[in-house]
Amino acid sequence: LKAMKAGEALGAVKVDSPSAYLDLQNDASATESVMLVGHRGSVTAASMSVDNRFVLSGSEDSTVRLWSTETWSNLVCYRGHNFPVWDVDFAPVGFYFASASHDRTALIWSTDRIFPLRMLSGHLSDVDCVRFHPNCNYRATGSSDKSVRL
């Protein structure tokens with residue numbers, strides 16, 4: 001975990017570079033960990049965005065939280081599940097993510113909305129895991145009912 005470089009050092013960063021975000025970080029400020037506090041229940045899952053700017057966390061408190069790795073703060077608390085969230089996964093591109101829950105559903109979200117975009121249902125038991133296909137056209141869900149759905 002690293003802080004941002006001082007203002008005078010930022011002028012040398014090329015903003016159109018693919019590594020611009022990493023170039024903004026101060027290597028001398030690296031620490032081993034940061035504690036992000038906000039959930040009221042045990043945290044059961046976490047996922048990093050592709051650009052490393054955000055972290056998602058799912059919890060037994062039935063919420064998904066979006067955290068900023070720039071400010072180390074909670075940006076949004078997503079409420080859509082009625083039971084514990086077992087898994088979260090960022091999509092490989094864009095600002096979409098999915099959550100899997102004990103309520104037998106997986107929800108598809110966008111970081112710019114506080115409500116789910118789509119509900120994936122059909123499992124007979126908990127949805128334990130959810131993953132995006134690399135092309136983002138498919139989501140796989142795994143369940144305690146011993147099935148995988150695409």
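This is a predicted model: local features need pLDDT of at least 70, side-chain atom pairs count only at pLDDT 80 or more; totals for chains, interfaces and linings use all residues.

**Salt bridges**

I started with Glu-70, which makes a salt bridge to Arg-53, with the closest N and O atoms 3.2 Å apart. My cut-off for a salt bridge: a side-chain nitrogen of Lys or Arg within 4 Å of a carboxyl oxygen of Asp or Glu. The pair links distant parts of the chain: Glu-70 sits in the loop between strand 3 (63-68) and strand 4 (73-79), Arg-53 in the loop between strand 1 and strand 2, 17 residues apart.

Residues are numbered from 1 along each chain as its sequence is written, and side-chain values use heavy atoms, with hydrogens and water left out.

Next I checked what else Arg-53 touches, and found a salt bridge with Asp-51, closest N and O atoms 3.8 Å apart.

(Buried is under 20% relative accessible area, exposed over 50%, partly exposed in between, with a 1.4 Å probe and protein chains only.)

How many salt bridges does the structure hold? I get three. One of them joins Arg-131 and Asp-87, with the closest N and O atoms 2.6 Å apart. Arg-131 lies in strand 9 (residues 127-132) and Asp-87 in strand 5, so this pair ties together parts 44 residues apart in sequence. Arg-131 is partly exposed at 42%, but Asp-87 is buried at 8%.

**Strands**

I then looked at the hairpin of strand 1 and strand 2, which has five residues between the strands; Asn-52 in the turn has a positive phi of about 65°. Strands here are DSSP runs of E, at least two residues, numbered from the N terminus, and two strands pair if DSSP finds at least two bridges between them. Strand 1 (residues 43-48) and strand 2 (residues 54-59) pair antiparallel over five bridges. Val-43 has Ser-59 as its bridge partner in strand 2.

Last, I traced an open sheet of four strands, antiparallel, in the order 5-6-7-8. Its edge strands are strand 5 (85-90) and strand 8 (118-121), each pairing on one side only. Strand 6 (residues 96-101) and strand 7 (residues 105-110) pair antiparallel over five bridges, and Phe-97 has Trp-109 as its bridge partner in strand 7.
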